[in-house]
Amino acid sequence: MSREITLTIDGREVTAVEGEMLHDAARKGDVEIPVFCYEPKLGDPVGACRMCLVEIEGIPKLQTSCSTPVREGMVVHTRTEQVKQAQSAVVEFLLVNHPLDCPVCDKGGECPLQDITQGWGPGKSRVIDEKRHFQKPIELSPLIAIDRERCILCYRCVRFSQEVSEDAELQLLDRGDRTFVGTFDDRPYVAPFHGNITELCPVGALTSYTYRFRARPWDIEQAGSVCTLCPSQCNVSFTVRDEKVKRVLGRDNAEVDDGWLCDRGRYGFEMFADAKRVDGPRLKGGAATDWKTAIEAAAAGLLQAGEGRVAAIVGDASNEEGHLVQRIVREALGSPHVDSRPSRGPRRETIVGLAQPNLSARVRDIDDADVILVLGTDPLHSSPILDLRIRKAIRRNGARLAIATERPTALDGGAEAIARYAPGDAHHFILELTRALGGADTVATPLAESLEGAGKVVVVWGERIGSFGATALLDLAKALKLGEADGAGLLEVPDTTNARGLREAGCLPDAGPGLARVSGGKSTEEIRAALESGELTGLLLFGVDPIRDFPDTPAWEAAITAADFVVCFSMFETATAAKADVLFPLETHAEKDGTVTHPDGRLQRVRPSASRPGDIRPNFLVLSELAADLGLTTGIDSQPTAFAALTQAVPFYGSIDDASIGGRGIRWQDTPSGSKSPEPGKAPEPGSPDTQRGALGTIAETAADPRGVASADPGSGASLALGTYRDLWAGLITELNPPLKFLAPEQRVEISLTDANRMGLKNGDAVKVAQNGSSVSATVSIKERMSDGVCFLIEGTAAGNANALLNGGPVSVEITKVEA
């Protein structure tokens, strides 16, 4: 354990942790030391800019405070003449070649170089020679411009590329005063996190095309909130001008995101003003109407569907909205059919077992883990910020990484042990891994050897391991003794942003608010089947697009068409929204007011930062009015009353209020009411009949053949087992944001080199992937680390959506001739 020590800085006694950097200790003592290159998030300091020089008694030369660890009794001076002269000289030297174009620079007004020049600079220049010149601005990437004349070579952007995202694309090129930041052969810098370099840059050298010349610092306001575009739930700060979002910045929260953002969250805001945005209530056929008429029509249609014959599926929703939807369905319409998962997941008993506080890992536990097991997920695509967190743990703290997935992941290069299993076969692999940890010799033994003897193990697992996989995970947790070691545990990567919050709010077929036991409800896939058969006649869709995002697109089209009445809350005009009898507009995360629950149990506040376009109302108020028209009085007329209703219904949220959530959130497991979480019961046996979504695809499982019906025979011509995954850039977020459109993926079929050679395929070949009479067009992508006998497609693409094939059965790949 590090001990506290006392040192003196400019005559002030400061308490710090032994080994802490002097610059950080000075900040605790309210002593400002200027700096350009130092950024703790980037790792070990490099002392490149020399701006933070200080005088330390007993050391003859000036020292860089960013790279000098503190010790007991140290005496530091930051404002002596020697220090002032050195700092002034550094600023003067930087300004020798730096253009004085502050009035037209986007960084002007929020520029550290401006501030430090005013506070520590010489006040005048002695240089009359011509400054160095570069071509400017240059397109570093389709999203970022670089002005090399402004660059002060602080190394921040290069260090981020080399040491944080580890894409290694940015380099320092040339030598001496001609040194500049660039990429090999001037290739575009395209990487999932590269937008962070614009925020790291302490000058105006790196600017975003989405914000260049859009606003000045005195024109804007900063509004803190949470990004809900993926399960990472990163803390963000919206730059708002004229009540519209102009920029998204990271908001440091070491418990969640370390202050980083993926480019999806950083640049995804321009879709807020897209022409396809639903900006008011509509009736069948897209006819605009007023709110009173729309709500009355929705209530009448749902009542006419009949008691017990309406189902609801919830997706992009806050905890309060999810709680209200399940109340409307269960209490006002007398129906138990509510779900918040794209397809059937674990039963209540398994969910309760996995949610036990002693098994729940925090995000920060990844930092100090001895071993990290990534199971059934690729964090880069499913929860990008966790990818950076895992890389950080390996690079800085020496954590060992083990990976078990169906498909190669972006983290494979840093793994100590890697195992692959067939699509839909996650639960069998987990059972084998558990047996191997018990001493049995199984296919999972090499992976088990990496886990044995580890003090702290954090298992980052994907929801797509399925219901059987989740049940088997409880036995794996026991074998790893996760409930006994502090800092060890399970961290889920769900399919949807607020999956945990919606489950705990009651949006499950067999669990109500607080995961209380209820019965009789149908899961998402059972709802679809019941709509097709006529057993259910009404459907309430909140923030979901089943036709595009759920398995078996044709079946969902038929099911929604067969419904007598459909109410849909949607942000954009989609194929699903077009079939609605009443369509309500959905708020974006920049307009919403409510809470969401991070996968580690942290409640965070989503705060309204921008105005709602058109005639959009707060969704929780619309739901409250709809409930009233259905005869259910909720008493909800504001966000505080909606949150109060939620905390009253969920016992383990009971001691949480808005003040305790604050700007950083709070884990319910760490509150007094956390002890009220439900006790785990007996989980269902892994062999019981069920249907699951495979780790990276959808495979139907039966008691007779738990491995599923989509099988592969490497020697049977073109027959391969199908797996699917959701690419980070697939979906409306990319397609409706002009800056991100170039990243929208076209459908590709990933296969191994062995299978490609066997079928006579090469990279870029046009093929058709067919299953049970349905087919999608794709191009071949040969992957070196892909298992033989399987192929993978992308879900949610605009053309050739893999969800059209996810209806069971063997997969055949046929070569299609491409015309010259």
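**Exercise 1. Arginine 266**

Task: Determine which residues arginine 266 is in contact with, leaving aside its neighbours within four places in sequence, and decide whether arginine 266 is buried or exposed.

Solution.
Step 1. Contact is taken as heavy atoms within 4.5 Å. With neighbours within four places in sequence left aside, arginine 266 is in contact with Gly195, Asn196, Glu199, Val248, Leu249 and Leu261.
Step 2. The relative accessible area of arginine 266 is 3%, so the residue is buried (buried means under 20%, exposed over 50%, partly exposed in between, with a 1.4 Å probe and protein chains only).
Step 3. Arginine 266 belongs to helix α6, residues 263-267. Helices (H or I, at least four residues) and strands (E, at least two) are DSSP runs numbered from the N terminus.
Step 4. Alanine 419 is 153 residues from arginine 266 along the chain, and their C-alpha atoms are separated by 33 Å.

The model is predicted: local features need pLDDT of at least 70, side-chain atom pairs count only at pLDDT 80 or more, and totals for chains, interfaces and linings use all residues. Residues are numbered from 1 along each chain as its sequence is written, and side-chain values use heavy atoms, with hydrogens and water left out.

**Exercise 2. Arginine 330**

Task: Describe where arginine 330 lies and which residues it touches.

Solution.
Step 1. Helix α8 holds arginine 330.
Step 2. Its relative accessible area is 18%, and arginine 330 is therefore buried.
Step 3. Not counting residues up to four places away in sequence, arginine 330 touches Ser335, Pro336, Val338, Gly506, Leu508, Pro509, Ala511, Gly512 and Val518.
Step 4. From C-alpha to C-alpha, arginine 330 and glycine 308 are 8.4 Å apart in space, and 22 residues apart in sequence.

**Exercise 3. Helix α19 and its partners**

Task: Describe how α8 packs with α19 and how α7 packs with α19.

Solution.
Step 1. Two packed helices are described by the angle between their axes and the distance between the axes. Axes are lines fitted to C-alpha atoms, for helices over the stretch in contact, and angles run from 0 to 180 degrees between N-to-C directions.
Step 2. For α8 (residues 319-332) and α19 (residues 619-629), the angle is about 15° and the axes are 9 Å apart. The two helices are therefore roughly parallel to each other (angles under 35 degrees count as roughly parallel, over 145 as roughly antiparallel, 65 to 115 as roughly perpendicular and the rest as oblique).
Step 3. The crossing of α8 and α19 is left-handed (the near helix is turned anticlockwise from the far one by less than a right angle; clockwise gives right-handed).
Step 4. In this contact α8 supplies Glu321, Leu324, Val325 and Ile328, while α19 supplies Asn619, Phe620, Leu623, Ser624, Leu626 and Ala627. The contact of α8 with α19 has 7 nonpolar, 2 polar and 1 charged residues (Ala, Val, Leu, Ile, Met, Phe, Trp, Tyr, Cys and Pro count as nonpolar, Asp, Glu, Lys and Arg as charged, and the others, Gly among them, as polar).
Step 5. For α7 (residues 291-305) and α19, the angle is about 55° and the axes are 9 Å apart. These helices are therefore oblique to each other, and the crossing of α7 and α19 is right-handed.
Step 6. Trp291, Ile295, Glu296, Ala298, Ala299 and Leu302 of α7 meet Val622, Glu625, Leu626 and Asp629 of α19 in the contact. By class, the contact of α7 with α19 has 7 nonpolar, no polar and 3 charged residues.

**Exercise 4. Backbone exceptions**

Task: Characterise the peptide bond between lysine 136 and proline 137, and phi in aspartate 30 and glutamate 243.

Solution.
Step 1. Most residues other than glycine have a negative phi, and most peptide bonds are trans.
Step 2. Lysine 136 and proline 137 are joined by a cis peptide bond with omega about -20°. Proline 137 sits in the loop between α3 (112-120) and β6 (138-139).
Step 3. Aspartate 30 has a positive phi, near 60°. It is found in the loop between α1 (22-28) and β3 (53-56), and is exposed at a relative accessible area of 63%.
Step 4. Glutamate 243 also has a positive phi, near 65°. The loop between β12 (235-241) and β13 (244-250) contains glutamate 243, which is exposed at 53% relative accessibility.
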